[in-house]
Amino acid sequence: MISPDWFLEQARLGNMYHACTTGAVTLSTVSATCTGLALSNPYGSSTDLILVQARFQPSTVPAGAAVVGLAISPAVSPTAVTHTAAAVIHNAIMTGSNIDTGVGLADSSATLPAAPVWLRPISSVVANLSLTPGTYVDEINGQIILPPGANISFSYLTTAAVGIASLTWVEVKR
């Protein structure tokens, strides 16, 4: 695991980025047709995307048991992601503008080059009208690195999940 001091230094250097959906989105199942939030690293970028954190805040209680997790591209692909609805990317040095959006590309809707595969669950909830689901947080802290040509996305299993998703990552030249 990477030291928290390293992440702080990368944020100070302007190498850390955040993407968040602008409203509630319905996550897709593990599919090349992706809705929710996806992060891709363009093929040939010469930059690695080191994931720091993934968050999902349900905005509605699901109709049944729902698992939310991360799915990743099955292999590096020279085929570009088709960006249908770009998400806003902010540099960690919050300057009030989106001038430096880095190399990583984030989308709330995209067509991925291939169907991703499950990587890891983040959390789950059982349907219950009296339940208010908390925020699902995956403190990745460098355990996942997207090389050029790779992507990662939020997905659900069993029952569709609706909410706000965000990803934080650091960009480092190869």
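Modeller: A salt bridge is a side-chain nitrogen of Lys or Arg within 4 Å of a carboxyl oxygen of Asp or Glu. The model is a predicted one, in which local features need pLDDT of at least 70 and side-chain atom pairs count only at pLDDT 80 or more, while totals for chains, interfaces and linings use all residues. Residues are numbered from 1 along each chain as its sequence is written, and side-chain values use heavy atoms, with hydrogens and water left out.

A search of the whole structure finds two salt bridges. In one of them D48 is joined to R174, with the closest N and O atoms 2.8 Å apart. Because D48 belongs to strand β4 and R174 to the segment after β13, this pair ties together parts that are 126 residues apart in sequence. Here helices (H or I, at least four residues) and strands (E, at least two) are DSSP runs, numbered from the N terminus. To describe how covered a residue is, we call it buried under 20% relative accessible area, exposed over 50%, and partly exposed in between (1.4 Å probe, protein chains only). D48, at 17% relative accessibility, therefore counts as buried, whereas R174, at 64%, counts as exposed. The other salt bridge is formed by R120 and D138, whose closest N and O atoms are 2.9 Å apart; R120 sits in strand β9 and D138 in strand β10 (residues 136-139), 18 residues apart. D138 is buried, its relative accessible area being 8%.

In α1, which covers residues 4-12, the residues F7, Q10 and A11 are buried. Seen down the helix axis, the buried residues fall within an arc of 100° and so line one face of α1, where the arc is that of the directions from the axis to the C-beta atoms. An α-helix has 3.6 residues a turn, so residues three or four places apart point the same way. On the face of α1 turned away from the buried side are the exposed residues D5 and R12. The buried residues of α1 pack against β1 (16-20), β4 (47-58) and β13 (162-173), a contact being heavy atoms within 4.5 Å.

Both ends of the helix deserve attention. At the N-terminal end, S3 caps α1, with a side-chain oxygen 3.0 Å from the backbone nitrogen of D5. Such a polar contact is a pair of N or O atoms within 3.5 Å; within protein, one must be able to donate a hydrogen and the other to accept it, and residues adjacent in sequence count only if both atoms are side-chain atoms. After α1 comes G14, whose phi is positive, near 85°.
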